[in-house]
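Let's walk through how to read salt bridges and helix packing in a model. Have a look at the structure first.

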Amino acid sequence: SVFLFDSNVFAADKLDSGDTAWILTSTCLVLFMTIPGLALFYGGLVRSKNILSVLMQCFAIACLVTVLWIIYAYSITFSGGGSFIGNLDKAFLSGVTKKSIAVGTLPETVFVMFQLTFAIITPALIVGAFAERMKFSAMLLFTALWFTLVYAPVCHWVWADNGWLLKMGALDFAGGTVVHINSGISALVAALIIGKRRGFPEQQMMPHNLTMTVTGASMLWVGWFGFNAGSAVSAGQDAGMAMLVT
């Protein structure tokens, strides 16, 4: 399997309709976390004149990452035997068919989509660090470069069969390293490089709509059940426990 948490879970390469149905559902829930969840959460925290900018940044990241994921990112993340990066054997999803199996019980098409939703939300999380302070074009360039040079390699290190961190015993059940530490540190670096906001703290920059923020946060919370319980990559006991503790 290319998404390992318990080697005994994926012993047989046989499709399971229950596992497939749950991961399809989880895929929708994780995408729901970004659009509209994260977009509304961040959007409510900025000034009213910048709400559209934040919404479109989250939406555009979803679009951009989807295209890059299909062209090359899925391949360099989850194909090949390198310890630090994969190869282009599955560029443009070459060899990914309705009959190909990625993880013991899942069609590879479903695995591609589930992983794509994680790839989308990770750079979108960084938006909050430079909200209102980065041009749209610069944001797109930053996202493309960061996604290629940071997210894809780290994801390979931790979640691919031959990743060097996985071989060292790293255990990342639902993105603690690949998503949260990765995006959090990157957001901090981005904020430090951009520098202080113009006019702050002399000028008050109050959130324009905290109702929107709470609505978005609630959507994130609901989506997190798919994010965490879906990371069991099955509809079994691990998924049930992950949902319960979430």
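**A salt-bridge network and a helix pair**

Salt bridges link Arg47, Glu132 and Arg197 in a network. This is a predicted model, where local features need pLDDT of at least 70, side-chain atom pairs count only at pLDDT 80 or more, and totals for chains, interfaces and linings use all residues. Residues are numbered from 1 along each chain as its sequence is written, and side-chain values use heavy atoms, with hydrogens and water left out.

Q: What counts as a salt bridge, and how many does a search of the whole structure find?
A: You want a side-chain nitrogen of Lys or Arg within 4 Å of a carboxyl oxygen of Asp or Glu. The search turns up three.

Q: Which parts does the glutamate 132 and arginine 197 pair tie together?
A: Their side chains meet at 2.8 Å, N to O. Glutamate 132 sits in the loop between α3 and α4 and arginine 197 in the loop between α6 (176–194) and α7, so parts 65 residues apart in sequence get tied together. Glutamate 132 also meets arginine 47, at 3.2 Å.

Q: Is glutamate 108 buried or exposed?
A: Buried means under 20% relative accessible area, exposed over 50%, partly exposed in between (1.4 Å probe, protein chains only). Glutamate 108 is buried at 3%, while its salt-bridge partner, lysine 90, is partly exposed at 23%.

Q: How do I describe two packed helices?
A: Use the angle between their axes and the distance between the axes. Here, the axes of α7 (residues 210–229) and α8 (residues 237–245) come within 8 Å and cross at roughly 145°; axes are lines fitted to C-alpha atoms, for helices over the stretch in contact, with angles running from 0 to 180 degrees between N-to-C directions. Helices are DSSP runs (H or I, at least four residues), numbered from the N terminus.

Technical notes
Helices (H or I, at least four residues) and strands (E, at least two) are DSSP runs, numbered from the N terminus.
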